Amino acid sequence: MTTPKFAPGPAGAALRGLPRTDRLVEAADQAGMVEKLGHGAVLEAVRAELDRHRAAVLAGDPCPSPEAIEAGLLDRLREDARGSLRPVVNATGVVIHTNLGRAPLSDDAIAAMGRAARGYTNLEYDLVAGERGDRYGHAEAPLCRLTGAEAAVAVNNNASAVMLALAALMDAPPDRSGGGEAGVRPLAAPGRGEAEPGLPEVIVSRGQLVEIGGGFRIPDVLRRSGAALVEVGTTNRTYLRDHEAAVGPRTRILLAVHRSNFRLSGFVHDTPLEELVDLGRRRALWVVDDLGSGTLLETAPFGLGIEPTVQERIRAGADLVCFSGDKLLGGPQSGILCGTREAIARVKRHPLMRALRVDKVTLAALSATLAHYERGEALEKVPVWRAIAAAPEALEARARGWLAVLGAAGAGCAVRPSRSAVGGGSLPEVTLPTSVLALPGPPDALAARLRRGEPPVVGRIEEDRVVLDPRTVLPAEDEALVAAVRAALAV
Ligand SMILES: *Cc1c(COP(=O)(O)O)cnc(C)c1O
């Protein structure tokens, strides 16, 4: 900021009332902030605070007292000392909340991350043979057992999984002769004047050209990965014959994209994956399925509607199925590619794989999460599934428990039935029965106090009340939540 330090007239006199930089740094040091944050960060905050006051004074505001300026600075530094990325109590009821960091991890996954982070690991070292091992192989065996796929690999997130899948498969068609990778015909390089000039093509239904959020749009991803997009069908109805008619000499991939964050209803038809697979077999094309959430458990018994499972998409014959590690799987941020040996081998060999690979800490958490599924204990141990499977009576009991602990401080609070929007952007229109603690008073100011508390609590506003949904509050957070509510209501 470049507000002038010296100004003539009354503003100049007022500016001389501002404390000096070194005086404020000293005050911050006495409050322990230099030790916590370092001298550079404190100095920067002091200068920013003084610049802000200087600009306000020049704009005609009265100059605050040195004590008020110092108190404001210390507030700001204390806030900084809490760190930028902080734990937040999610009382929204949205289980897969991208803004709040998606899946909380299981105790086993957290412990595995700690062990992997603390020391060295056999990340790329084969302990039996005493030689270099396969870093991509760590989560592969459980992923194959759980999904029925021949091979699998994890990358940074599902957006990168989709990008990598397209990039890795569009250079050459699959070998449909059954003889491994030997029969692969390379595609003529673009513009060489061969029989097949131009970009390789990916066929997608118009009804599946979705934007996932954060600017991840399937048409853009396709172009960025070096392919030409061929749209087929209409927004609401696409048939096998639409895909078939679009197949040309440059077609390499048939892509299916799950409509994760919106619903089409009414006069709707999607080409079933099985039919795409059949077309892919007949015309030597890859079939890639972007499944989005990618659940391993049936969702219908929990009231979530029918989400396709990874297993059934593999069984249907997709060459690659891509899904998120931190949506319904309930693991760390990652993207998982499952599929045929040939397709995964191509993915692992692609140069982008090196750029998108996951680290040892993520692999540790992913493996520990998958182990819960292998042991058949995902519903009890994976927090995302524990939240989804929570019984309405148990949720009501927790909300009543909060109210009881609040005691007199909870005057005006009430427990009432409501519905949790489970998926946020992932499972549109799906809600599950819950009970919430409704707080008294104007909701906007109260919600802001809760957000600024320690720990910050994020609820939702319903019928002009802030309500807190126990579905997404971890049991270990109950006490902190009640304390934060008490503090926010006490104002
Ligand atoms: C969520 C989603 C993605 C992106 O996954 P991230 O793990 O967030 O990168 C891609 N495709 C679909 C269909 C999705 O639902």
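Is Val162 buried or exposed? Val162 counts as buried because its relative accessibility is 1%; buried means under 20% relative accessible area, exposed over 50%, and partly exposed in between, with a 1.4 Å probe and protein chains only. This is a predicted model, in which local features need pLDDT of at least 70, side-chain atom pairs count only at pLDDT 80 or more, and totals for chains, interfaces and linings use all residues. Residues are numbered from 1 along each chain as its sequence is written, and side-chain values use heavy atoms, leaving out hydrogens and water.

**Around Val162**
- Val162 sits in helix H8, residues 158-169. Helices (H or I, at least four residues) and strands (E, at least two) are DSSP runs, numbered from the N terminus.
- Val162 touches Phe216, Val221, Asp290 and Cys322, not counting residues up to four places away in sequence. Contact means heavy atoms within 4.5 Å.

**Ligand site**
- Residues around the ligand include Arg102, Asn158, Phe216, Asp290 and Lys327. Each has a heavy atom within 4 Å of the molecule.
- The side chain of Arg102 places an N or O atom 2.8 Å from an oxygen atom of the ligand. A polar contact is a pair of N or O atoms within 3.5 Å.
- Asn158 uses a backbone N or O atom, 3.0 Å from a ligand oxygen atom.
- Asp290 has a polar side-chain atom 2.7 Å from a nitrogen atom of the ligand.

**Lys327**
- UniProt, in an unreviewed entry, lists Lys327 for "modified residue: N6-(pyridoxal phosphate)lysine". Such annotations may be inferred rather than shown by experiment.
- Lys327 lies in the loop between strand S9 (320-324) and strand S10 (335-339).
- Lys327 counts as buried because its relative accessibility is 7%.

**Sheet**
- Seven strands form an open sheet with mixed pairing, in the order S4-S10-S9-S8-S7-S5-S6. Two strands pair if DSSP finds at least two bridges between them.
- Strand S4 (151-155) and strand S6 (228-232) are the edge strands, each pairing on one side only.
- From one strand to the next, the twist averages 20°. Axes are lines fitted to C-alpha atoms, for helices over the stretch in contact, and angles run from 0 to 180 degrees between N-to-C directions.
- Strands S5 (201-205) and S7 (251-257) run parallel, joined by 4 bridges. Val202 has Ile253 in S7 as its bridge partner.
- Helix H13 (341-349) lies across S4, S8, S9 and S10, at about 30° to S4.

Methods. A polar contact is a pair of N or O atoms within 3.5 Å; within protein, one must be able to donate a hydrogen and the other to accept it, and residues adjacent in sequence count only if both atoms are side-chain atoms.
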